[in-house]
Amino acid sequence: MYHLYSHNDLDGVGCGIIAKCAFGEGIDVRYNSIHGLNQQVARYLNRTSVQENPYDVLFITDLSVAPDMEKELNVFVEEGGQVQLIDHHKTALHLNEYSWGQVDITHRDGRLASATSLFYEYLIEHGHLGRSEALDEFVELVRLYDTWEWEENQKIEAKRLNDLFFMLSLDEFESKMTQRLREQGGFFFDEFEEKILDMEENKIDRYIRRKQRELIQTFVGEHCVGIVYAESYHSELASELGTTYPHLDYIAILNMGGRKMSLRTIHDHVDVSEVAMRYGGGGHPKAAGCTITEEVYQLFAADPFELEPIRFDASRNQFNIKGAESGVLYESWGEDLLFVYANAGEWIVEWNGEPLPFRFGSFEEAERHMKRQYGVWLSRDDVFVKMLKEQWMRNRSNDRLGLPLDMDEEKLMEDL
Ligand SMILES: [Mn+2]
């Protein structure tokens, strides 16, 4: 009998699915959380005597065992037990010193590895499974999702596979996929799955649009932070907000019910795991989290509570256009106007008519400064034209030349 103990996420369950394709009824598959694995393995070792079951094989995929279990497993193998652990996590690399451990971060061809893609190669090389088009495609989608590579090359099918995994029960997903992978031809979603995936995507889009209107911006420590309250779809929300507002160093998503805060960034110059560690949490450079403690509550919820949400830049302008050297108008809270224009290769920002004491090398730098320090948004054309008109009137009465006099204001108003 074959046994597989695997992780309970898409990559772990992917291992279970290809194992069932290889061994059918001849394998017993169990999915575990990271913490559940050691107990599961302990039970296996207590139950399975090598003498009585010399042909039993235990696979462990996408998870690693704790140090004491590692030693017990090794004794079991030295007594003749058959174990193969396959993982791709950096934290498990030390298991490579055992004959039964295979931990690879990448494949031989350089692609980042997932447990499913490593286990697939293993099963093929050991003659347990034949390669097929559907299996190749399924395994690659799991790999793309698990390594986050799908985001770079926008392999949306990989994300849809994971969405489906969360919409169906684990058993249903496993049996549906196992059955489908036995069929001829490539991997596909059936009509019903396409339908519910579309519905899910629409639902996420609407949720994100609503949340976008609730985003507030403030400085916490040295970072300019976007703060939003949300309980679901943290990854999708953070990547959308991060790309819409690149002037924000990171996005903080507060789940008040769960008392958890997620931190995400799209930038290389910010390490959110460092930020999370300051508040007793941790994670990766681009995705981390911590508990909402008193301190976190004060900084990220109580202090910024009075702030108004970020406004969108005007999107249908014909005259007030970003990057225009003759000048671009922005607004901020409290009816402040900020005007940015180029002069002799430098960009100058005027705040309510008063130039700021420093210059910027590019429009983008100037805009970033205004957005971070003043929370500005691009004015609509009508506000822009009104400002030009007032300035022109003032200049004319002062008998000074300044703004484009050839601008036909009535014509402009008509165009709007
Ligand atoms: Mn994995």
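Analyst: Helix 1 and helix 4 are roughly parallel to each other, because the angle between them is about 20 degrees and angles under 35 degrees count as roughly parallel. The model in which they are seen is a predicted one. The axes of helix 1 and helix 4, the latter formed by residues 115–125, lie 8 Å apart, and the crossing of the two is right-handed. From helix 1, Asp11, Gly12, Gly14, Cys15, Ile18 and Ala22 take part in the contact. Their counterparts in helix 4 are Ala115, Thr116, Phe119, Tyr120 and Leu123.

Ile18 and Phe119, together with Tyr145 and Leu161, have the most contacts inside the largest nonpolar core, a set of 47 residues. Helix 1, which covers residues 10–23, supplies the largest share of this core, with eight residues. In soluble globular proteins, nonpolar side chains tend to be buried together. Sequence neighbours up to four places away being left out, Tyr145 touches Leu10, Trp150, Ala158, Lys159, Leu161 and Asn162.

Another residue of helix 1 is Ile17. Ile17 counts as buried because it has 26 C-beta neighbours inside 10 Å, where 20 or more are required. Beyond its neighbours within four places in sequence, Ile17 is in contact with Glu174, Met177, Thr178 and Leu181. Between the C-alpha atoms of Ile17 and Trp347, by contrast, there is a separation of 59 Å; the two residues are 330 apart along the chain.

A further helix pair can be set beside the one above. Helix 2 (residues 36–47) and helix 3 (residues 67–78) cross at roughly 30 degrees, and their axes come within 11 Å. That angle makes helix 2 roughly parallel to helix 3. The crossing of helix 2 and helix 3 is left-handed, whereas that of helix 1 and helix 4 is right-handed. Here Asn38, Val41, Ala42 and Leu45 of helix 2 meet Met69, Glu72, Leu73 and Phe76 of helix 3.

These helices belong to a chain with 15 helices and 16 strands. The radius of gyration of the chain is 29 Å, while a compact globule of 416 residues would have one near 22 Å. Along the principal axes, the C-alpha trace spans about 105 × 50 × 40 Å. Buried residues make up 31% of the 416 in the chain. Of the contacts between residues at least 6 apart in sequence, 58% join residues at least 24 apart.

Two loop residues deserve a remark on backbone geometry. Most residues other than glycine have a negative phi. Tyr233, although not a glycine, has a positive phi of about 50 degrees. Its place is the loop between strand 7 (223–229) and helix 10 (234–244). Tyr233 is partly exposed, with 17 other C-beta atoms within 10 Å. Arg259 also has a positive phi, near 50 degrees, and is found in the loop that links strand 8 (250–255) to strand 9 (260–264). With 13 other C-beta atoms within 10 Å, Arg259 is partly exposed.

Definitions and conventions. Residues are numbered from 1 along each chain as its sequence is written. This is a predicted model: local features need pLDDT of at least 70, side-chain atom pairs count only at pLDDT 80 or more; totals for chains, interfaces and linings use all residues. A nonpolar core is a set of buried Ala, Val, Leu, Ile, Met, Phe, Trp, Tyr and Cys residues joined through C-beta atoms within 7 Å. A residue is buried if 20 or more other C-beta atoms lie within 10 Å of its own, exposed if 12 or fewer, and partly exposed in between; C-beta atoms are placed from the backbone. Helices (H or I, at least four residues) and strands (E, at least two) are DSSP runs, numbered from the N terminus. Two residues are in contact if their C-beta atoms, placed from the backbone, lie within 7 Å. The radius of gyration is taken over C-alpha atoms; the globule rule is 2.2 Å times the number of residues to the power 0.38. Axes are lines fitted to C-alpha atoms, for helices over the stretch in contact, and angles run from 0 to 180 degrees between N-to-C directions. Angles under 35 degrees count as roughly parallel, over 145 as roughly antiparallel, 65 to 115 as roughly perpendicular and the rest as oblique. A crossing is left-handed if the near helix is turned anticlockwise from the far one by less than a right angle, and right-handed if clockwise.
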